[in-house]
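This report covers pockets and aromatic contacts. Please have the model at hand.

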Amino acid sequence: DGTLWVTTFDGKLYQVRGREFSELPYPLPGGTGGTVGATDSAGKFYVLKPGGDDPYFGTWTGGGWAPLDPGMPLESEASMLGSSAAGAVWLLSGSVLQEWSDGRKVQERRISGQHQGAWSLHPDSDGRIWVPSFESGLYRIELDGAITHFSTTHGLAYNSVRFVFEDRQRNRWIGLSGGGLMRFFERRVLM
């Protein structure tokens with residue numbers, strides 16, 4: 001519907017419609033701390049506040065917050081939220097990855113590997129999930145839950161990765177903090 005949702009490091013949440021810029025209440029009364037947001041194809045705005053004493057996961061209803069129960073702990077350094085081009089919202093916490101749509105959990109995958117310091121989460125058109133990290137490079141969660149790790153050892157210019165963007169030609173663009181922009185090429189051997 002053209003709504004822009006904004007979350008900040010200091011815990012502010014905003015809804016922007018046309019020229020109207022409105023601050024939303026914090027999801028937890030008296031709560032503080034940064035949040036991450038994502039929207040699904042139904043237009044629901046999801047918010048994640050991981051870890052600490054007051055973790056939270058829920059949706060904005062237009063007049064308030066509706067908490068959702070992911071059925072797992074929301075770990076501080078290992079939790080992240082992101083939207084896919086197909087319209088789903090993905091929630092990652094520790095070794096569990098969940099797909100949400102219209103306020104309901106659609107699927108859950110177990111992850112068979114480690115990831116550290118999630119900065120953001122980016123599903124691609126192949127159903128894989130890319131997880132940039134603060135300083136540990138880039139992780140890709142495969143459909144079977146296996147994790148592939150990429151770092152400067154594998155060709156990244158810098159290990160502090162901020163985003164992954166997939167363009168219409170299915171190129172993956174990697175945004176680095178201090179290292180610029182890189183295009184990711186997968187190499188395959190055909191027999």
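A pocket is defined on a 1 Å grid over the protein atoms alone: it is an open set of points where a 1.4 Å probe fits, with protein on both sides within 12 Å along at least five of seven lines, and its lining residues have an atom within 4 Å of a point. Grid points are joined across faces, edges and corners, and a volume is the space filled by probe spheres set on the points.

The model is predicted: local features need pLDDT of at least 70, side-chain atom pairs count only at pLDDT 80 or more, and totals for chains, interfaces and linings use all residues. Residues are numbered from 1 along each chain as its sequence is written, and side-chain values use heavy atoms, with hydrogens and water left out.

**Pockets**

The second largest pocket is lined by 17 residues. Nearest its centre are Ser-84, Ala-85, Pro-123, Asp-124 and Glu-166. Strands are DSSP runs of E, at least two residues, numbered from the N terminus. E16 (161–166) is one of the strands that supply at least two residues of this lining. With three residues, E16 gives the most.

The largest pocket has 27 lining residues, and Thr-7, Thr-35, Val-36, Met-80 and Trp-119 are the closest to its centre. Strands E1 (4–7), E4 (36–39), E5 (45–49) and E8 (79–83) each supply at least two lining residues. The largest share, five residues, comes from E8.

The table sets out volume and lining. Ala, Val, Leu, Ile, Met, Phe, Trp, Tyr, Cys and Pro count as nonpolar, Asp, Glu, Lys and Arg as charged, and the others, Gly among them, as polar.

| Pocket | Volume | Lining residues by class |
|---|---|---|
| Largest pocket | about 710 Å³ | 13 nonpolar, twelve polar, two charged |
| Second largest pocket | about 300 Å³ | nine nonpolar, five polar, three charged |

**Aromatic contacts**

Rings of Phe, Tyr and Trp (its six-membered ring) pair if their centres lie within 6.5 Å; planes under 30 degrees apart count as stacked, over 60 as edge-to-face and the rest as tilted. The count comes to twelve aromatic pairs. Tyr-14 and Phe-21 are stacked, at 5.0 Å centre to centre and 25 degrees between the planes. Tyr-56 and Trp-65 are edge-to-face, at 6.4 Å and 85 degrees. Trp-5, Phe-45, Tyr-56, Trp-60 and Trp-65 form one aromatic cluster.

Trp-119 also meets a charge. Arg-162 lies over its face, 3.9 Å from the ring centre. The rule requires CZ of Arg, or NZ of Lys, within 6 Å of the ring centre and within 35 degrees of the ring normal.

Definitions and conventions:
Helices (H or I, at least four residues) and strands (E, at least two) are DSSP runs, numbered from the N terminus.
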